[in-house]
Amino acid sequence: MNKMQHHKLFLLTMVLAVLHAAVIFAGFVAPYDPATQNREFAFAPPTKIHFTNSAGQFTWRPFVRSSKGDEVGHSYREDTSELFPMRFFVHGDRYRIAGMSMSVHLFGVDAPGRVFTLGTDSFGRDVLSRALYGGQISLLAGLVATAITLLIGTFLGGLAGFYGGWLDDAIMRVADLFLALPWLYLLFAIRAFLPLQMEPLQAFLVLVVVIGTVGWARPARLVRGVVLSARERNYVHAARGFGASDGYIVWRHILPGAAGVIVTQAILLIPQYVMAEITLSFLGLGVGEPVPTWGNMLNALMQMSVLQSYWWMIAPALLAIPFFLGYQFLGSLWGEQVARVKP
Amino acid sequence: MRYILRRTLHLGFLLLGVSLLSFFFLALAPGNFLDNLRLNPQISTETVAALRVQYGLDQSALMQYFHWLRSLMHGDFGFSLAYNQQASALLLPRARNTLLLTITAAAVSWILSLAVGIWAATHRNRFLDRVISLGTTTLLGIPDLLLLLLLLLLAARTSILPVGGMVSLDFEAMSFTQKCTDLAAHMMLPLGALVLGALPTLVSHIRDAMSTALQEPFLMAGAGHGISRRRLVLRYALPVAANPLISLIGFTVGALLSGSLLVEMVLGWPGLGPLLLEAIMSRDIYLVIGAVMFSSFFLVGGTFLADLFLYWNDPRIRVG
Amino acid sequence: MIFSGTTIRRHASWLALLAISVPCRGAAQEISKKPPLEFLRTETPAGISGGRLVVSLSAEPKTFNPIVLADDASKIVVGSLVSDLIHINRSSQLPEPALAKSWSVSPDGRKYTVNLRRGLQFSDGHPLTVDDVLFSFQLYLDEGLHAPQRDLLIINDKPIVVKKAGPETIVFELSKPYGPGVRLFDSFAILPRHLLESKYRKGELGQAWTTAAAPAELAGAGPFRFKQYVPGQKLVLERNPYYWKVDQNNNRLPYLNELVFLFIANQDAASLRFQSGEIDLLSHLTPQNFASLAKHAEARGLRLLDGGASLEWNFLFFNLNDNKNLSHEITRKQAWFSSIAFRQAVASAVDRPGMVRLIYQGKATAIWGPVTPGNKAWLDAALPQPGRSTERARQLLRDAGFSWDRNGALLDSRQQQVQFSIVGASSNPERMSMATMVQEDLRQIGIHVSLVPLEFGALLHRILDTHDYEACILGLGSGDTDPNADSNVWLSNGETHIWNLHRKSPSTPWEAEIDDLMNKQASEPDFEKRKKEFDRVQQLLAANEPLIFLVSPHVLVGVKSKLGNFQPVVMDPVDLWNVDELYWKTK
């Protein structure tokens, strides 16, 4: 790897690390508890952060003003009488990290001021806080499901492609079956039979595992195709001639060829699974309220009126895209390495 | 020939398996078609129970399955509980509309993706390539429904394209050319939605496969021989890259079929989508099974064709 | 055209005989021999004939057959194709003559004598006579057909007996007087014997009048008749030239030439097409769409109308089933649920105004009982409407032996934390939002609530079959403004007595009193007495809170300003109840 690539990889990793840290330490970065409803501030637009006070002077410490909405929560106006300076490392709602209960937040303002950096949702809950907490579950779900799918898919697809014959036939037929079945009802059934007392999060994870498990068919097919052709390459025949075992051939010669397809699949699957959660929420298979996920937050956006009037509700997508971009660039950089593709 | 025969047999078994398992899943989830009546204070439980018997919903899933199989022998796909009609009579006219949309979308997305993907692979890591990557990733981060609503908004604001439906209200009174333009205008929006949904996957895979193929040493040899770059890429590199792509073709129609459900529902295209989504939510079992059979047929047919194509295209596989 | 009474009487008998014995299909030569139609004259302002109305439906109709169970879309369409004997005027909420020109009730309240109009014809020209009425009720009462309306004709466990009492008279005999009276006849469509009898005899009635049927196979006495159906796209109805109503100027109704239903599943898409003028009428708007359409409505020639609180009532309830198969967890929690003070505390803590504001943008009404403000006759104005008060909730809990630990969590008398789950139908986002707000409200008084969204079938399974739930948020829509329609919810042995099902006898004194009152009002002919009885039922419900009533959404409709005589109401069909009187103003 040359110096330029090294540099890029380092930068990329740093950026991704910061993003993930923000999500993992959501309790710290987010100013509010994600479940607190501020019912007088439903669909409040992002709070304006001012750097110049009423006298027109610039101050280093940013501040916000309070705002009031009308009867049904539209047209918020700023109330210029009071100003609330933003403070950093303040004490706020309690949260738990790694078993410890903390109350220090990165920033905040004194009550009754509110700093809704990305506005609020229909119940007046802070969108930034919810988006950060939501990332924990959504990313976890996406990564877990993708990992399961790729593990099973690569294994079975590789098996089918490498050994061919009846094994290939059998696995591919089962793959067709998996592709064609309407899994929705199975998901409904599983959800219906989960015990009432199960934590909403656990119930959701069960569904995520199921979705990951049934999705192996497509990567399996793609991997099989690549393995099939890689198997017949000259260097594979040569290696066999030298007495190489199956395992060695797969690890050393076949997998690198398939790596491109696998990584591409991973980059595509993670966002798809994260976003699939929207459909799950829509169908009632999502996490129960008030737990935020990117999926159920974006669900609220699926109405024209919200789309037109409350643009800040797209925050989860805006937050998600840098993650997906990061994964993609990481994937393509790594893919280049493994497949020895020249830039 | 024997291979084709074997695969056709597989298709038959597969469809049987899908039907059996689908019945099983449907039976597993609690509730049935008559649920809505149960909360109606004006209808007695006796009536609901009698209706259950009438519709055969009181029998075990296995018995219902055998009844369905038997009617399949007679050539019908089962009976819609909601419509009191043959499922096939309901599915076929709408299937025609869905296929019109999906096949067009498949063709357009492949042509577009090939163009973009090949270009991106040959100009890898240039600025525009990065922009394309950014574009596809952003598309992935936008949920389908959101995309549809945005398209709807765009159409409404600009008033160039009709906002939904397949034809205008006075379609019957139009001349032939007018009918064609009307249909085409109405197809723009759903087509756009489907193509945009399919682009990220296709472009990513094509770009990736082509990049890998472009590394092959024989291409350098070809360049040394003086073969033009375009010929190299299209005539020599593409067939090599085609391997994973052909598998993907098999998926495309199937994936577009399931994607079209939502598109049709939101944009009002009179295909299988709205019919199916309602049937699924209301547990109109035979209609759902009929539709599952239909899409399975296309899905498996697609992979079958893809496998055939794979064998034809990559001689290395035939040796093994 | 008004013939003298004697002319009609002289010709009546053999004309009727002719009409029945000679089945005909729109034969023009018969018209001169038929008695002239005794029209119903409406009282609405006269309008102008002509034009087409385009209405949006969110789902396709599944069938045109009134005997088969029908979904909402089918009901709307079929409602425009058929007529009943006595119809409840959706605006006044009172019964008025329809195909019947008059009726009388016997002094003991057990016999209704109904007089059919003379000269009625179906939409294909065939005469509509007493025999069609008898045939129709035979279908509705047939035990083998299982018509969903059959249960309405069973009074005191005995089906109504229908008899012909003259060439234009039918007698309905009940085993007991019926409180709601002739409201009974609403929506019992009179069906054509000449088209359906052969199918009925062959046992194929269930397969008759599907959406695949040809227009010639259908006939009804409604304002419109079936013209064309394009699957997935639209349904076209055309004016029925034989309709039996005229306006103030003796012009035959309906005014409109065509009624077109477009199938648009997604309301946002429908809103856009309404804005662009493609659709004339759009109902069941969400409050958000209503608000955004209202912004530029006048400029676009549109009117957005709020019809007030509908007949839908949403509520929260607890599992009070004393079923031996319930899990230990649920039985333990029922110790809290069965305490009236606990339920009253929860009722005090919920934020109804917040729900109205946040979920419905103000387009809903808080309710404290099953009778919503839209129900003109039955609303009990004296019913208490206590506002939200967390102090009162805490006080009630304190008095009932609950306490709070140092974290603010509520503890019962045995020092166990109070927490439970609320199940709800995930397909209804408004109710799930209500549940979210209730969850937060109860957090304020220390109760930890978890929400379990379930698919509708799974939800019903838990509530009605296994009783494996703790609390639930649900909504019901009354079929009629008359509370007798919902009896099965209030009666202890009723099949929709959801908080405590499968009971042979009442489990509490107040439920016993409700049973008594409901049985009384079911056969009480005097309205004032019935009202008093049901008022008392409402008071008992308010005092004991088996259902904690939340909000009732409003009827929200959008229509083009030029549509005359249009007025939304709360009884279904909220927009097309007077479709025969709608017309296009030229100005």
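**Strands, helices and contacts in the predicted model**

Strand S2 (residues 52-57) and strand S14 (residues 258-263) of chain C run parallel and are joined by 6 bridges; strands pair here if DSSP finds at least two bridges between them. Helices (H or I, at least four residues) and strands (E, at least two) are DSSP runs, numbered from the N terminus. This is a predicted model, in which local features need pLDDT of at least 70 and side-chain atom pairs count only at pLDDT 80 or more, while totals for chains, interfaces and linings use all residues. Residues are numbered from 1 along each chain as its sequence is written, and chains are lettered from A and ligands numbered from 1 in the order in which they are written.

S2(C) is mostly covered, with 5 of its 6 residues buried. A residue is buried if 20 or more other C-beta atoms lie within 10 Å of its own, exposed if 12 or fewer, and partly exposed in between, with C-beta atoms placed from the backbone. Helix H3 (residues 72-81) of chain C has 7 of its 10 residues buried, so it is largely enclosed by the rest of the structure. The buried residues of H3(C) are Ser74(C), Ile76(C), Val77(C), Val78(C), Gly79(C), Ser80(C) and Leu81(C). Their cover includes S2, strand S11 (224-230), strand S12 (234-239) and S14 of chain C.

Elsewhere in chain C, an open sheet of 4 strands takes the order S5-S6-S10-S9, with antiparallel pairing. Strand S5 (100-105) and strand S9 (161-166) of chain C stand at the edges with a single partner strand each, so one side of each is left without a neighbour in the sheet. On average, neighbouring strands of this sheet are turned by 25 degrees against each other, direction ignored. S9(C) and strand S10 (residues 169-173) of chain C run antiparallel and are joined by 5 bridges; in S10(C), Glu173(C) is the bridge partner of Val161(C). Helix H4 (residues 130-141) of chain C lies across strand S6 (111-116), S9 and S10 of chain C, at about 175 degrees to S9(C). Axes are lines fitted to C-alpha atoms, for helices over the stretch in contact, and angles run from 0 to 180 degrees between N-to-C directions.

Then there is a loop residue. Asn323(C) sits in the loop between strand S17 (312-318) and helix H8 (328-337) of chain C. It counts as partly exposed, with 14 C-beta neighbours inside 10 Å. The C-alpha atoms of Asn323(C) and Pro353(C) are separated by 36 Å, the two residues being 30 apart along the chain.

Now for the contacts between chains. Chain B and chain C each put 43 residues into their contact, where two residues count as touching if their C-beta atoms, placed from the backbone, lie within 7 Å. On the side of chain B that touches chain C, the largest share, 5 residues, comes from helix H3(B).

Helix H4 (residues 165-180) of chain A and helix H1 (residues 2-28) of chain B pack at about 40 degrees, their axes 10 Å apart. That makes H4(A) oblique to H1(B) (angles under 35 degrees count as roughly parallel, over 145 as roughly antiparallel, 65 to 115 as roughly perpendicular and the rest as oblique). Arg173(A), Asp176(A), Leu177(A) and Ala180(A) in H4(A) meet His10(B), Leu14(B), Gly17(B) and Val18(B) in H1(B).
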